[in-house]
Amino acid sequence: MSIINRLAAFELDVLKEVGNIGAGNAATALSTLLDKPVDMAVPKVSLLPFEEVAERVGGSEQIVIAVFLRVEGESPGNLFFLIKEESAKGMLQGLLSFDEHSSDGYTEMELSALCEIGNILTGSYLSSLADFIGLSMAPSVPAIALDMAGAILSYGLVQYGEMGDAALLIETTFLGDGQALEGHFFLIPDPESFDKIFKALGVGSE
Amino acid sequence: MIQQSIIKVGMADLNIATEGAILKTTGLGSCVGLALYDPSRKIAGMAHVMLPSSEIAREASINLAKYADTAIPELLERMAGAGAAVERLQAKLAGGAQMFVMAGHSDSMRIGPRNVESCLAMLHSYKIPVLSQDTGGNFGRTIEFDSDRGMLMIRSVQYGIKEI
């Protein structure tokens, strides 16, 4: 994993700023949707063993709702927007006045609404990122899943599997409505994207 | 009742169990959880396979447990070392889902079905019978293999618990 071992502290900071700009715009979008303040944690950039990636959202078996976009273009990668169920229910009630229902599970309408929220947030994440870096990023149509975090996130790690047992990810957490709404963005650029990102930003590795 | 000990198998990892211990791996998405079992000696092995073939590997030192074509020989060796006989082994497998369906995307997005195909081909080449499998679909699975009873327990969010 030569690219990643070479990363200097300065370059890690650059990647943090990348996460900051994307998530900052997404948090603003969410705040507008909710009409409530939304706080954001300082982004984390880490090279994590596969086993630990899902630990960041509560473990491999934690049930989460995930909106996934495959990013194509000049710096391809995978983008996940993950929320736990309590936050999802909170969003549905707060934003869209869906009735609280006692049964488990979600109607097609509710999942579609969550997917659209994810689409808006990830869209603003990516477009601000593309503007900042100056590289084209074309997201796929978003897909939504309600499943175990380990099963979902491993889907974004396959590109790393060929070259090691760890992945570099840019993670941002935000909190809205006190602590009631918590969401996570995971941007996992493909390994070959890092050089392009640094080059576009004028951060030479040479 | 004696509490059965649980041996965890991580992602791209493998392990063996004897004396009634349970092998467990969590959060299988496109990965395949493969269990091998020697019923007469009650020796079980499990691998959490992430990719179909080591031919695509670009890493310097290969993690054998990660690829279907290297994990199965390694697991066989470990099990034989513990006293299992290859000709008695039976296989059960689960996982290999396609978590997200994306139209018009590259082959890497079909990784789940390819993992299953590759595992089945390897098992066939060793003439190990596949007793049962629960593969494919678009959902994650957690599996536990009981080395005492030789049963594979599969848990998923949508379909609950079942045993094969």
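This briefing covers the fold of chain A and its interface with chain B. The model is predicted. Chain A holds 8 helices and 8 strands. Its contact with chain B involves 31 residues of chain A and 35 residues of chain B.

**Chain A on its own**

- Of the 206 residues in chain A, 55% are buried.
- Chain A has an accessible surface of about 8300 Å². Carbon and sulfur atoms account for 52% of that surface.

**Area and polar links between the chains**

- About 2700 Å² is buried between chain A and chain B. Carbon and sulfur atoms give 62% of this area.
- There are 4 salt bridges between chain A and chain B.
- One salt bridge joins the side chains of Glu51(A) and Lys8(B), at 3.2 Å from N to O.

**What chain A brings to the interface**

- Elements giving two or more residues to the side that touches chain B include three helices of chain A: helix 3 (50-53), helix 6 (149-154) and helix 7 (158-161).
- Strand 3 (63-73) and strand 6 (143-148) of chain A also give two or more residues each.
- Strand 6 of chain A gives the most, with 6 residues.
- By class, this side of chain A has 17 nonpolar, 7 polar and 7 charged residues.

Definitions and conventions: Residues are numbered from 1 along each chain as its sequence is written. Chains are lettered from A and ligands numbered from 1 in the order in which they are written. This is a predicted model: local features need pLDDT of at least 70, side-chain atom pairs count only at pLDDT 80 or more; totals for chains, interfaces and linings use all residues. Side-chain values use heavy atoms; hydrogens and water are left out. Helices (H or I, at least four residues) and strands (E, at least two) are DSSP runs, numbered from the N terminus. Buried means under 20% relative accessible area, exposed over 50%, partly exposed in between (1.4 Å probe, protein chains only). Accessible areas come from the Shrake-Rupley method with a 1.4 Å probe; for residues, only the protein chains shown count as cover. Contact means heavy atoms within 4.5 Å. Buried area is the accessible area (1.4 Å probe) that two parts lose on being put together, summed over both. Ala, Val, Leu, Ile, Met, Phe, Trp, Tyr, Cys and Pro count as nonpolar, Asp, Glu, Lys and Arg as charged, and the others, Gly among them, as polar.
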